[in-house]
Amino acid sequence: MIDKRRNVKWTTSMMLPEHVELLRQYKEEQKLVAKPYIDEYVVVELQEDLERAYLMKSDVTVRTWIKGKIRQYRGEMKGVDISKKSIALEDPFKIHDIQVEDIVYVQINN
């Protein structure tokens with residue numbers, strides 16, 4: 001038989017705030033993704049796809065890796081800034097300034 005009083009002790013409301021915060025940090029760390037390995041051939045392929053998307057003014061999907069998280073952007077390439085090493089990608093809501101060194105995947109959508 002299970003005693004209800006013993007189960008109440010281990011609910012999160014009875015934990016110290018420091019312990020709850022550490023558990024939240026641990027869960028966030030478990031969600032992080034390791035940076036994908038990108039060799040020189042993949043870099044050349046990414047560069048060619050970005051160049052082709054810019055020249056054709058086509059819709060492109062770009063994935064970036066920043067601090068363990070992968071974000072996906074989709075839109076039309078509007079420009080390339082060589083001094084900042086970034087590209088400008090316009091979606092229906094705003095223009096994203098994406099660093100080239102963070103890009104891990106590029107796909108041209110037709």
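1. Terms and provenance. Helices (H or I, at least four residues) and strands (E, at least two) are taken as DSSP runs and numbered from the N terminus. A pocket is found on a 1 Å grid over the protein atoms alone, as an open set of points where a 1.4 Å probe fits, with protein on both sides within 12 Å along at least five of seven lines, whereas a cavity is a set from which the probe cannot get out; lining residues have an atom within 4 Å of a point. The model is predicted, so local features need pLDDT of at least 70 and side-chain atom pairs count only at pLDDT 80 or more, while totals for chains, interfaces and linings use all residues. Residues are numbered from 1 along each chain as its sequence is written, and side-chain values use heavy atoms, with hydrogens and water left out.

2. Overall fold. The protein chain has three helices and five strands, and read along the sequence these follow the pattern α-α-α-β-β-β-β-β. Of its 110 residues, 25% count as buried, where buried means under 20% relative accessible area, exposed means over 50% and partly exposed lies in between (1.4 Å probe, protein chains only). With contact taken as heavy atoms within 4.5 Å, residues 24 or more positions apart account for 48% of the contacts that have a separation of 6 or more.

3. The largest pocket. Its volume is about 360 Å³, a volume being the space filled by probe spheres set on the grid points, which are joined across faces, edges and corners. The lining comprises 15 residues, and those nearest the centre of the pocket are Leu-46, Gln-47, Leu-50, Ile-87 and Val-100. Two or more lining residues come from each of helix 3 (40–56), strand 2 (69–81) and strand 3 (86–90), and helix 3 gives the most, with six residues. By class the lining has ten nonpolar, two polar and three charged residues, where Ala, Val, Leu, Ile, Met, Phe, Trp, Tyr, Cys and Pro count as nonpolar, Asp, Glu, Lys and Arg as charged, and the others, Gly among them, as polar.

4. The largest nonpolar core. A nonpolar core is a set of buried Ala, Val, Leu, Ile, Met, Phe, Trp, Tyr and Cys residues joined through side-chain atoms within 4.5 Å. The largest one has twelve residues, among them Leu-46, Leu-50, Val-62, Ile-87, Ile-98 and Ile-103. Helix 3, strand 1, strand 2, strand 3 and strand 5 (103–109) each give two or more residues to this core, and helix 3 gives the most, with three. Leaving aside neighbours within four places in sequence, Ile-103 is in contact with Ile-38, Leu-46, Leu-50, Val-62, Arg-63, Thr-64, Ile-87 and Ile-98.

5. Residues brought together across the sequence. Tyr-105, in strand 5, is partly exposed at 30% relative accessibility; its C-alpha atom is separated by 7.0 Å from that of Leu-46, 59 residues apart along the chain. Not counting residues up to four places away in sequence, Tyr-105 touches Leu-46, Thr-61, Val-62 and Arg-63. Pro-36, in the loop between helix 2 and helix 3, is likewise partly exposed, with a relative accessible area of 32%. On the same exclusion of residues up to four places away, Pro-36 touches Trp-65 and Val-104, and Val-104 is 68 residues apart from Pro-36 in sequence and 7.2 Å apart in space, C-alpha to C-alpha.

6. Backbone points to check. Which value of phi does Lys-67 have, although it is not a glycine? Its phi is positive, at about 50 degrees, and Lys-67 lies in the loop between strand 1 (59–66) and strand 2, where it counts as exposed because its relative accessibility is 73%. Lys-85, also a residue other than glycine, has a positive phi near 55 degrees; Lys-85 is found in the loop between strand 2 and strand 3 and counts as exposed at 56% relative accessibility.
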